[in-house]
Amino acid sequence: MTNAAHTLVTCAMERAILPQTFTSYAPSNIALSKYWGKRDKHRNLPLNSSLSISLADWGTKTTVAPSTDDRDRIWLNGAEVPCDDSFAVKALAFVRLFRANRQIPLHIKTENSLPTAAGLASSASGFAALTQALNGAFGLELSLPQQSMIARLGSGSACRSLWHGFVRWDRGIAEDGHDSLASPLDVIWPEFRIGVVAVDTGPKAQSSRNGMNHTAETSPLFQSWPEAAEADCAKIEASIIAHDFVHLGQLAEANALAMHATMMAARPSLSYLNAQSWAVLERLWRARQDGLQAYATMDAGANIKLLFLEASTEPLQEVFPDVQVIEPFGFCTQQTRV
Ligand code: 2P0
């Protein structure tokens, strides 16, 4: 069975130059309409489309350079990682896609600007930045949509991290995955804000990949998820285009809660949210009754992300003094060949 992304990289590598040092940056992203469940686990092809907002300067910077000592080496946040560490294994397996069977040892340096205390996953920005850095280092000149398709093989949500702003990942229908890639929405919403309320910053007990598969395989509620999530995605896109914040917030919060409901109904039950997460949600719901215009979304972790507009920043900070505020449209891009 063919894999469109794999074929694309293999063909592109036929015109590769000898690797040159290249640095790239990709933002992390948070889904407003979630990806949860795959129709193909090997190609990371989703059952439903999803839509995210990128997190500006919260992301990953990666440098790919030719090896100076004839072997692969990898660094994370300044410290060298052993090649048998799970982080290095995943990254090097992805790099192997580009190298095929050729001997091209590389040095890879990756740095996350996501505050550790925010407890946000960095695999989306990590694989997006690595894809861009490999594309640059080998002079492949792949387009961003092509890179999105390739980044998806590292981690599904990485395909949405090739752009800033709102990004939609179309599920596609092709078996080889050539139509399952992301594209940016032509919408700028400078007042849009994300607030991160950190609840648990430790490693999660269950990876999102395992949690997603377990839910799809065992949860009776999962049967209705793909169709409902596809409909949510279309409605959320329409509310963004219309700058209808209340509708967007209501839909995004309901979509996140529905995703968590499918997990809770899994057998055995799965919950990434803990008592503190629910306490934050209850505080939000009470504040909303008192007039605060803010909504929540939650992923495969205990932390709560709040959606609000600039005008609500101060009242929101009164309710959540520790909230970390992100301005998704206050970004700059970095991409340099050294
Ligand atoms: C999302 N999540 O749309 C959803 C919501 C978590 C909850 O994408 O197996 O790490 O590598 O494709 O991309 C996290 O899943 O999973 C994720 P793989 P990934 O953001």
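Select strand 4, residues 50–66, and find A56 in it. Helices (H or I, at least four residues) and strands (E, at least two) are DSSP runs, numbered from the N terminus. The phi angle of A56 is near 50°, a positive value in a residue other than glycine. Most residues other than glycine have a negative phi, and most peptide bonds are trans. A56 counts as buried, because its relative accessibility is 1%. Buried means under 20% relative accessible area, exposed over 50%, and partly exposed in between, with a 1.4 Å probe and protein chains only.

This is a predicted model, in which local features need pLDDT of at least 70 and side-chain atom pairs count only at pLDDT 80 or more, while totals for chains, interfaces and linings use all residues. Residues are numbered from 1 along each chain as its sequence is written, and side-chain values use heavy atoms, with hydrogens and water left out.

Next, select E141, in the loop between helix 3 (123–137) and helix 4 (144–154). Its phi is near 55°, again positive in a residue other than glycine. Is E141 buried or exposed? E141 is exposed, because its relative accessible area is 72%.

Move on to the loop between helix 7 (245–264) and helix 8 (275–289), where P268 sits. Select R267 together with P268: a cis peptide bond joins them, and omega is about 0°.

Now select strand 12, residues 304–309, where five of the six residues are buried. Two strands pair if DSSP finds at least two bridges between them. Show strand 10 (residues 192–197) as well; strand 10 and strand 12 pair in the antiparallel sense over six bridges.

Strand 11 and strand 12 form a hairpin, with six residues between them.

In the loop between strand 11 and strand 12, select D299. D299 is buried, because its relative accessible area is 18%. What does the side chain of D299 make a polar contact with? The partner is the side chain of K305, at 2.8 Å. A polar contact is a pair of N or O atoms within 3.5 Å; within protein, one must be able to donate a hydrogen and the other to accept it, and residues adjacent in sequence count only if both atoms are side-chain atoms.

Last, select the ligand and the residues around it. Of the 17 residues there, Y35, K38, G156, S157 and R209 come nearest; near means that a heavy atom of the residue lies within 4 Å.

- Y35: a polar side-chain atom lies 2.6 Å from an oxygen atom of the ligand.
- K38: a polar side-chain atom lies 2.5 Å from an oxygen atom of the ligand.
- R209: an N or O atom in the side chain is 2.7 Å from an oxygen atom of the ligand.

On its own, the ligand has 470 Å² of accessible area, and the protein covers 92% of that. Such areas come from the Shrake-Rupley method with a 1.4 Å probe; for residues, only the protein chains shown count as cover.

Colour helix 5 (residues 208–218), which gives the most to the shell around the ligand, with three residues. Domain 1 (4–189) and domain 2 (192–326) each supply at least three residues to the shell; these bounds come from an automatic or database domain assignment.
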